[in-house]
Amino acid sequence: MDAEQLRENAHKMVDFIADYYKNLEDFPVLSQVKPGYLSELLPDSAPRQPESLQDILDDVQQKIIPGVTHWQSPNYFAYYPSNSSIAGFLGEMLSAGFNIVGFSWITSPAATELVVVVLDWVAKMLKLPNQFLSSGLGGGVIQGTASEAVLVALLAARDKILRRVGKEYLNKLIVYASDQAHSALQKACQIAGIYSENFRLLKAEQSSNYELVPEVLSEAISIDFSSGLIPFFLCATVGTTSSAAVDPLCALGKIAKASDMWFHVDAAYAGSACICPEFRHHLDGVEEADSFGMNAHKWLLTNFDCSLLWVKDRNALIQSLSTNPEFLKNKASQENAVVDFKDWQIPLGRRFRSLKLWMVLRMYGQENLQNYIRNHINLAKQFEQLVKSDSRFEVMAPRTFSLVCFRLVPPPNHQDNGYKLNYSLMDAINTSGKIFLSHTVLSGKFVLRLAVGAPLTEEKHVEAAWKVLQNHATTLLGNI
Ligand code: PLP
């Protein structure tokens with residue numbers, strides 16, 4: 001790596017990216033390409049001789065960008081957001097510059113110690129119980145995704161109970177969550193060897209706002225105990241993926257504790273909102289949790305990937321995930337003087353992800369981050385009002401954070417309860433390229449989801465999105 005060449009090329013790349021952001025609104029939000037488009041545009045083998053950066057950037061412009069869905073567009077409202085910011089971007093750049101692989105403390109002490117510092121900072125911003133701080137028996141770690149976070153928590157919990165009851169009882173272990181929990185939990189169960197018939201997705205009804213009802217959990221647990229099974233893991237969600245429902249942590253956590261179960265709280269999306277004092281109450285009951293996860297890369301201005309996981313008992317993780325091969329032995333680790341994050345995660349290698357989170361926290365500060373979240377929630381409130389003001393539409397679940405679930409009310413006697421109508425509405429809108437939103441199914445009904453959370457979204461974008469929706473609805477209803 002020649003420093004001067006890096007300087008010259010990186011300046012060009014930054015210019016390219018800055019221009020991309022400048023022109024972001026000109027692109028269709030959802031990529032409009034057909035499957036396989038790229039192999040028709042690119043040669044079928046790698047070049048034998050070097051090519052210029054300019055030629056490559058030209059190809060990015062002409063061939064790659066058409067195949068990009070623009071998550072950073074202010075008109076992006078699908079799934080949940082994946083924030084980018086100047087601080088997050090610079091942190092990623094710095095991380096790429098150092099390009100360390102921080103599996104053990106010795107491989108880059110700063111990479112390990114910065115995780116410890118910033119995860120303690122964020123734990124304090126969220127007012128997590130002190131047991132999650134590094135000063136006690138617990139601590140925080142950056143994982144790639146919430147899926148990895150729940151998997152490692154599940155592995156720690158599984159091994160903890162198996163140490164007590166004996167490995168031969170794996171087939172008796174039972175996992176609980178509401179049917180609104182993210183599919184990441186199902187995948188974690190598959191990987192962890194939990195028997196598929198032992199994975200209980202308890203019904204969260206519309207009448208309880210899609211929250212898991214504590215009595216439903218208690219009943220399931222007592223049936224399982226009386227059948228000789230071993231309830232051992234409960235996953236509650238703060239901000240479910242379909243409708244941003246918040247499971248009642250206090251009551252659920254007490255039940256989990258009474259049954260000696262591991263209690264994991266998945267706040268992948270909504271955790272960020274809880275840095276605001278007025279939304280912190282959604283985490284009440286997290287005191288009961290053994291592990292807690294949230295994605296800074298969703299809604300806290302930190303570029304993907306940066307998923308934060310805290311545990312109260314770090315040894316539980318380490319007992320499940322540590323290995324100690326000769327080629328990794330070193331004095332600091334042998335003396336137990338340091339944290340080796342390789343023992344808190346699935347892979348060995350770790351990127352220097354704490355840099356970008358540290359830069360976000362420092363360059364924006366807690367107050368700006370709180371206002372950033374509040375602004376999105378206010379925009380979602382405004383959108384919800386717009387939906388309510390048009391009798392052709394209905395809101396389908398309570399809005400708690402920045403997600404609005406709604407649909408076009410099907411005309412009386414309309415076939416399939418409005419499924420096709422709303423699917424067609426979503427499809428037409430997304431194909432227009434003007435905005436991008438996604439869907440879910442709640443109580444058997446097709447529901448549109450509009451999640452405010454892209455960093456560049458302003459009131460005018462939300463108003464324009466509503467106009468797009470209204471216009472397409474008028475056309476669709478006119479054609480029925
Ligand atoms: N949990 C919840 C509540 C989510 O909303 C999501 C994704 O949207 C996930 C987990 C999975 O996130 P990841 O892609 O970080 O694994």
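Let me start with what I mean by contact: two residues are in contact if their C-beta atoms, placed from the backbone, lie within 7 Å.

Some housekeeping. This is a predicted model, so local features need pLDDT of at least 70, side-chain atom pairs count only at pLDDT 80 or more, and totals for chains, interfaces and linings use all residues. Residues are numbered from 1 along each chain as its sequence is written.

UniProt, in an unreviewed entry, lists K298 for "modified residue: N6-(pyridoxal phosphate)lysine". UniProt positions are in the numbering used here, feature names are shortened, and annotations may be inferred rather than shown by experiment. K298 lies in helix 10, residues 296–299. Helices (H or I, at least four residues) and strands (E, at least two) are DSSP runs, numbered from the N terminus.

Is K298 buried or exposed? It is buried, with 26 other C-beta atoms within 10 Å. Buried means 20 or more other C-beta atoms within 10 Å of the residue's own, exposed means 12 or fewer, and partly exposed is in between, again with C-beta atoms placed from the backbone. And who does K298 touch? Leaving aside neighbours within four places in sequence, K298 is in contact with Y80, P81, S82, N83, A268, Y269 and S272.

Now strand 6, residues 291–295. Here 5 of the 5 residues are buried, so strand 6 is largely enclosed by the rest of the structure. S291, G293 and N295 point one way, while F292 and M294 point the other.

Strand 6 has strand 5 (residues 262–266) as a parallel partner, over 3 bridges. Two strands pair if DSSP finds at least two bridges between them. D266 has G293 as its bridge partner in strand 6.

Zooming out, 7 strands form an open sheet with mixed pairing, in the order 1-7-6-5-4-2-3. Strand 1 (139–143) and strand 3 (199–202) are the edge strands, each pairing on one side only. The twist averages 20° from one strand to the next. For angles, axes are lines fitted to C-alpha atoms, for helices over the stretch in contact, and angles run from 0 to 180 degrees between N-to-C directions. Helix 5, residues 109–125, packs on this sheet, touching strand 1 and strand 7, and its direction makes about 110° with that of strand 1.

Next, the region around helix 9 (249–258). Its buried residues are L249, L252, G253, I255 and A256. They cover an arc of only 160° around the axis, which puts them on the same side of helix 9. The arc is that of the directions from the helix axis to the C-beta atoms. What covers them includes helix 8 (214–226), strand 4 (230–237) and strand 5. After helix 9 comes D260, with a positive phi near 60°.

M261 lies in the loop between helix 9 and strand 5. It counts as buried, with 22 C-beta neighbours inside 10 Å. Not counting residues up to four places away in sequence, M261 touches P231, F232, F233, L234 and A256.

Quick stop at helix 4, residues 86–98. At 1.5 Å a residue, its 13 residues should span 18 Å, and the end C-alpha atoms are 18 Å apart, which agrees. The expected span is 1.5 Å times one less than the number of residues. A87, G88, G91, E92 and S95 are the buried residues of helix 4. They cover an arc of only 140° around the axis, which puts them on the same side of helix 4. Those buried residues pack against helix 13 (354–389).

4 strands form an open sheet in the order 8-9-11-10, with antiparallel pairing. Strand 8 (393–395) and strand 10 (438–442) stand at the edges with a single partner strand each, so one side of each is left without a neighbour in the sheet. Neighbouring strands are turned by 40° against each other on average, direction ignored. Strand 9 (residues 403–408) and strand 11 (residues 445–451) pair over 4 bridges, and L403 has A451 as its bridge partner. Helix 14, residues 419–432, lies across strand 9, strand 10 and strand 11, running at about 30° to strand 11.
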